[in-house]
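Please keep the sequence and the coordinates at hand while reading.

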Amino acid sequence: MTASTTRRTTAARSRIAAVGAIAVAGSLLLAGCGDQTDKSGSSSSSETPGSSAAPLFSKLPKKYQDSKVIKVGTDAAYAPMEFTEEGKIVGVDPDIAEALGKQLGVKMEMVSGTFDGLITSIYTGRQDLIMSSMTDNKKRQDGLDDSGKKIGKGIDFVDYFSSGVSLLVKKGNPQGIKSLDDLCGKTVAVQRGTIYEDTFKAQATKCGAKKLTIQAFDTDAEAQTRVKAGGAVADLNDYPVAAYIAKTSGGGNDFEVAGNQADVGLFGIGVSKDNTQLRDAVKEALDAIIKDGSYAKVLEKWNVKDSAVTQSTVNAGK
């Protein structure tokens, strides 16, 4: 998420935009404050039992061959990527994890905790992988905070998902909005204090005399309501969130995503720099599910197929 406290850039940033998705979809349970483990024990795992006959089982470190379990940290409060439904962690990332587990012959046990504790959970060995819509960037690779201070050794990423920000407009797109430039002379709605608001402010400057009017609200749900009522032509969100809102709000009859994604970056599966064998096995498994079509089926199921990657990469984020 690209908000003032967003998960897409640095670990200190959480999920302002997800609040709107909660209000619209009504299906999220926010993770509480604390360390990287959810005290309720909420978890999800592949239903496929561990199997040494799996195609890539032999590629795994012996530790996982013996246990047939890989522990995966997440923060299950970001629909449709990962969220809690009826006590189970569901979404894009859990489904991709399950597909990877079938290739590797292990159970992928997902445990929800706080987003800003996930990298630490890799350092301490509490988790083996991170799958939580985490943007792969150089700071995380190098273990740096926002100011550039070294706070850890960093982690590696297997990049599996491409995501940017998208405009959310009223169903049917009555104003024909295709890009930020189409907003000049119109009114937009946005959650106050987010980077989305900053994006609209920058566009307002670009529009000049053809004034862009920005209406800022305390929650993204309020901004969505304004767009739905016709008082504003667009809201702005991370693409997966916008796509999920478009699919679920009003049974899919309230909104649609307009134009192409902007500010596109890569989400990565986080893994310790000391665990290159696991990293490489996961990379190979990702390429396998891309090739056999199971990856595409997951993205189509959750209406985020525009975020597909065509092959895995390692540490390709900037």
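**Helix packing**

In H3, the residues Ile 96, Ala 99, Leu 100, Gln 103 and Leu 104 meet Ala 281, Val 282, Ala 285, Leu 286, Ala 288, Ile 289 and Asp 292 of H9; contact here means heavy atoms within 4.5 Å. The residues of this contact divide into 10 nonpolar, 1 polar and 1 charged. In that classification, Ala, Val, Leu, Ile, Met, Phe, Trp, Tyr, Cys and Pro are nonpolar, Asp, Glu, Lys and Arg are charged, and the others, Gly among them, are polar.

This is a predicted model, in which local features need pLDDT of at least 70 and side-chain atom pairs count only at pLDDT 80 or more, while totals for chains, interfaces and linings use all residues. Residues are numbered from 1 along each chain as its sequence is written, and side-chain values use heavy atoms, with hydrogens and water left out.

Two packed helices are described by the angle between their axes and the distance between the axes. The axes of helix H3 (residues 92-104) and helix H9 (residues 276-292) come within 9 Å and cross at roughly 105°. Axes are lines fitted to C-alpha atoms, for helices over the stretch in contact, with angles running from 0 to 180 degrees between N-to-C directions. H3 is therefore roughly perpendicular to H9, since angles of 65 to 115 degrees fall in that class, whereas those under 35 count as roughly parallel, those over 145 as roughly antiparallel and the rest as oblique.

Leu 60 lies in the loop between strand E1 (43-45) and helix H2 (62-67). Its contacts, not counting residues up to four places away in sequence, are Gln 65, Ile 70, Leu 104, Val 106, Gln 277, Leu 278 and Ala 281. The C-alpha atoms of Leu 60 and Arg 279 are separated by 9.1 Å, although these residues are 219 residues apart along the chain. Leu 60 counts as buried because its relative accessibility is 2%; buried means under 20% relative accessible area, exposed over 50%, and partly exposed in between, with a 1.4 Å probe and protein chains only.

**Sheets and backbone geometry**

The protein has 10 helices and 13 strands, defined as DSSP runs numbered from the N terminus, with helices (H or I) of at least four residues and strands (E) of at least two. An open sheet of 3 strands has the order E3-E4-E5 with antiparallel pairing; two strands pair if DSSP finds at least two bridges between them. The edge strands, each pairing on one side only, are E3 (77-78) and E5 (88-90). E3 pairs with strand E4 (residues 82-85) over 2 bridges, and Ala 77 stands opposite Phe 83 in E4.

Most residues other than glycine have a negative phi, and most peptide bonds are trans. Between E3 and E4, the loop contains Pro 80, which a cis peptide bond joins to Ala 79, with omega about 5°. Glu 86, in the loop between E4 and E5, has a positive phi of about 50° although it is not a glycine. Glu 86 is exposed, with a relative accessible area of 82%.

Elsewhere, strand E9 (residues 187-191) is mostly covered, with 4 of its 5 residues buried. E9 pairs in the parallel sense with strand E10 (residues 213-217) over 5 bridges, and Ala 189 stands opposite Gln 215 in E10.

For the protein as a whole, 52% of the 318 residues count as buried.
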